[in-house]
Amino acid sequence: MKTTLYKFAITGLLLHGLSACSLGTYFQSKQVLNKIHSGMTDEEVCALIGKPDFRRFNQDIEEWEYRKWISGNNTVILVNFENGRVISMDSFNAPQPPQPPATPAPPAAIPEQHPSQPNRLHRMSNEEFQSFYNKISKELFSDERNDMIRALSKSKRLTCKQCAKLLTFYSFEDEKMTAFRWFAPHLIDKENYNEIKKQFIFSTDQEKIKNILGI
């Protein structure tokens, strides 16, 4: 009997001593996300919220994706690393699968929109961006250039600095604001929104940028 109890005790200690990377998928509060900040190592992130459910690489950038149940919501967490250090973090509620209609309905036109899951868009590297920027700089027609920028917003995630550089192709504030809205939901480093604010003259527009980004 004592031998059996001893084995159970040893097993419990081993399970308790596992790395923090074996954390479950449930957190009591979103406050745990506030502990993730720029400069953290991948080991620190792993110790805080566990191993990622998915990993992606884009040149020097590594992205970790988590699916966690936080405060009653199925939450997606995206953490980007460069040289083993956190450079950005994003989180959002995972979209719910659409429910089938009770009765058949005629097909309706689907408005053009961005993907509902920004994690499906890959980050645009500095080399890719510079190549794209050089390409549209040679475009003589503003409409063609505008179409190219809009198409990019549906396929890549940009930094605030990259987005701000694209806004320089527009002469009017309303055109800049429209282009900014295309990229806003998927900006990687929203905390650097001042790069974008510099492209707008009026304080009302600058404040609108913060509201759109939820800052």
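**Pockets, a cavity and salt bridges**

Modeller: Of the residues lining the second largest pocket, the largest share, 5 residues, comes from helix α4. This is a predicted model, where local features need pLDDT of at least 70, side-chain atom pairs count only at pLDDT 80 or more, and totals for chains, interfaces and linings use all residues. Residues are numbered from 1 along each chain as its sequence is written, and side-chain values use heavy atoms, without hydrogens and water.

Biologist: Which residues line the second largest pocket, and what makes them lining residues?

Modeller: A lining residue has an atom within 4 Å of a point of the space, on a 1 Å grid over the protein atoms alone; a pocket is an open set of points with protein on both sides within 12 Å along at least five of seven lines. Ser142, Asp143, Arg145, Asn146, Ile149, Phe169, Tyr170, Ser171, Glu175, Thr178 and Trp182 line this one. Two elements, α4 (142-153) and α6 (173-183), each give two or more residues to that lining. Helices are DSSP runs of H or I with at least four residues, and strands are E runs of at least two. The second largest pocket holds about 190 Å³, and its lining has 4 nonpolar, 4 polar and 3 charged residues.

Biologist: What lines the largest pocket?

Modeller: Its lining has 17 residues, and Ile61, Glu82, Ile87, Arg123 and Asn126 lie nearest the centre. Strand β5 and helix α3 (126-137) are the elements that give two or more residues to it. This pocket has about 300 Å³ of space.

Biologist: How many cavities are there, and what makes a space a cavity?

Modeller: In a cavity a 1.4 Å probe fits but cannot get out. There is 1 cavity of 30 Å³ or more, and the largest cavity has about 80 Å³ of space. Its lining comprises Arg56, Phe57, Asn58, Ile61, Glu63, Asn80, Leu121, His122 and Arg123. Strand β2 gives the most, with 3 residues.

Biologist: Why is the contact between Arg55 and Glu62 called a salt bridge?

Modeller: The rule asks for a side-chain nitrogen of Lys or Arg within 4 Å of a carboxyl oxygen of Asp or Glu. The closest N and O atoms of Arg55 and Glu62 are 2.6 Å apart, so the pair qualifies. The count by this rule is 7 salt bridges. Another joins Arg67 and Glu65, at 2.8 Å from N to O.

Biologist: What distance separates the closest N and O atoms of Asp90 and Arg157?

Modeller: They are 3.8 Å apart, and the pair forms a salt bridge. Asp90 sits in strand β5 (residues 85-93) and Arg157 in strand β7 (residues 156-157), so the bridge ties together parts 67 residues apart in sequence. Asp90 is buried at 15%, and Arg157 is buried at 2%. Through shared partners, salt bridges join Arg56, Glu63, Glu65, Arg67, Asp90 and Arg157 into one network.

Biologist: Which residues of helix α2 are buried, and why say that they line one face?

Modeller: In α2 (residues 42-49), the buried residues are Val45, Cys46, Leu48 and Ile49. Seen down the axis of α2, they fall within an arc of 165°, so they line one face of the helix. The arc is taken over the directions from the helix axis to the C-beta atoms. Just after α2, Gly50 has a positive phi of about 95°.

How values were computed:
Grid points are joined across faces, edges and corners, and a volume is the space filled by probe spheres set on the points. Buried means under 20% relative accessible area, exposed over 50%, partly exposed in between (1.4 Å probe, protein chains only). Ala, Val, Leu, Ile, Met, Phe, Trp, Tyr, Cys and Pro count as nonpolar, Asp, Glu, Lys and Arg as charged, and the others, Gly among them, as polar.
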